[in-house]
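Subject: Structure for you to look at

Hello,

Here is the structure I promised. Please open it and keep it beside you while you read my notes.

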Amino acid sequence: VQPPTPVTDSAPAPAPPAARTESLAIAGLLDGARADAASGRLASAAASLERALRIEPRNPRLWQELARVRLKQGDYAQAESVAARSNSWAGGDSGLRAENWRLIAQAREALGDTAGARAALETAERQR
């Protein structure tokens, strides 16, 4: 009787079914939110993103998309807060952090905080 053939690490194990389903759900919600936002259905876009965030609360891209929607809705304080939340989960993704700082700058400018907007843009430039 021969021993079983050892398993090699050459191919990654497939994601568990629940993780794959969640990834598909997130992708679907994100696509729907982007389509809704592009069509001006901002409340629906925000609802889809909030639902996605209940599934994946540490996803910085979802937080960034929600910040964009809040900016379009004219909820500038919330846009700034949500972009900052995205930065808290962005890790080493300097491009994502820079874009968040640009969103923060837009929100601050809309709120009349010119100096704060300028500081946010300077921070965005340093992220490169």
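Contact here means heavy atoms within 4.5 Å. Keep that cut-off in mind for the residue lists below. One caution: this is a predicted model.

**Helices α3 and α4**

Start with helix α3, residues 60-73. Which residues of α3 meet α4? They are Pro60, Trp63, Gln64, Leu66, Ala67, Arg70 and Leu71. On the α4 side, the partners are Tyr76, Gln78, Ala79, Val82, Ala83, Arg85, Ser86 and Trp89. Sorted by class, the residues of this contact are ten nonpolar, three polar and two charged.

Now the geometry. Two packed helices are described by the angle between their axes and the distance between the axes. For α3 and α4, the axes come within 8 Å and cross at roughly 165°. Angles over 145 degrees count as roughly antiparallel, so α3 and α4 are roughly antiparallel to each other. Their crossing is left-handed.

**Helices α4 and α5**

Helix α4 covers residues 76-89, and helix α5 covers residues 94-110. How do they pack? The angle is about 165°, and the axes are 9 Å apart. That makes α4 roughly antiparallel to α5. This crossing is left-handed.

Look at the residues next. From α4 come Tyr76, Ala79, Glu80, Ala83, Ala84, Ser86 and Asn87. They meet Leu96, Arg97, Asn100, Trp101, Leu103, Ile104, Ala107, Arg108 and Ala110 in α5. By class, this contact of α4 with α5 has ten nonpolar, three polar and three charged residues.

**Two single residues**

First, Ala35. This residue is found in helix α1, residues 17-38. Is Ala35 buried, exposed or partly exposed? Its relative accessible area is 39%. Ala45 is ten residues apart from Ala35 along the chain. The C-alpha atoms of Ala35 and Ala45 are separated by 7.8 Å.

Then Thr123, which lies in helix α6, residues 114-126. Its relative accessibility is 14%. Buried means under 20%, so Thr123 counts as buried. Which residue does the side chain of Thr123 join in a polar contact? The partner is the side chain of Arg126, at 3.1 Å.

Best wishes

Definitions and conventions. Residues numbered from 1 in each chain as written. Predicted model: local features only at pLDDT ≥ 70, side-chain atom pairs only at ≥ 80, totals over all residues. Heavy atoms only, no water. Helix = DSSP H or I, 4+ residues; strand = E, 2+ residues; numbered from the N terminus. Buried < 20%, exposed > 50% of the residue type's maximum accessible area, 1.4 Å probe, protein only. Axes fitted to C-alpha atoms, helices over the stretch in contact; angles between N-to-C directions. Parallel < 35°, antiparallel > 145°, perpendicular 65-115°, else oblique. Left-handed = near helix turned anticlockwise from the far one by under 90°. Nonpolar A, V, L, I, M, F, W, Y, C, P; charged D, E, K, R; others polar. Polar contact = N/O pair within 3.5 Å; in protein donor to acceptor, adjacent residues only side chain to side chain.
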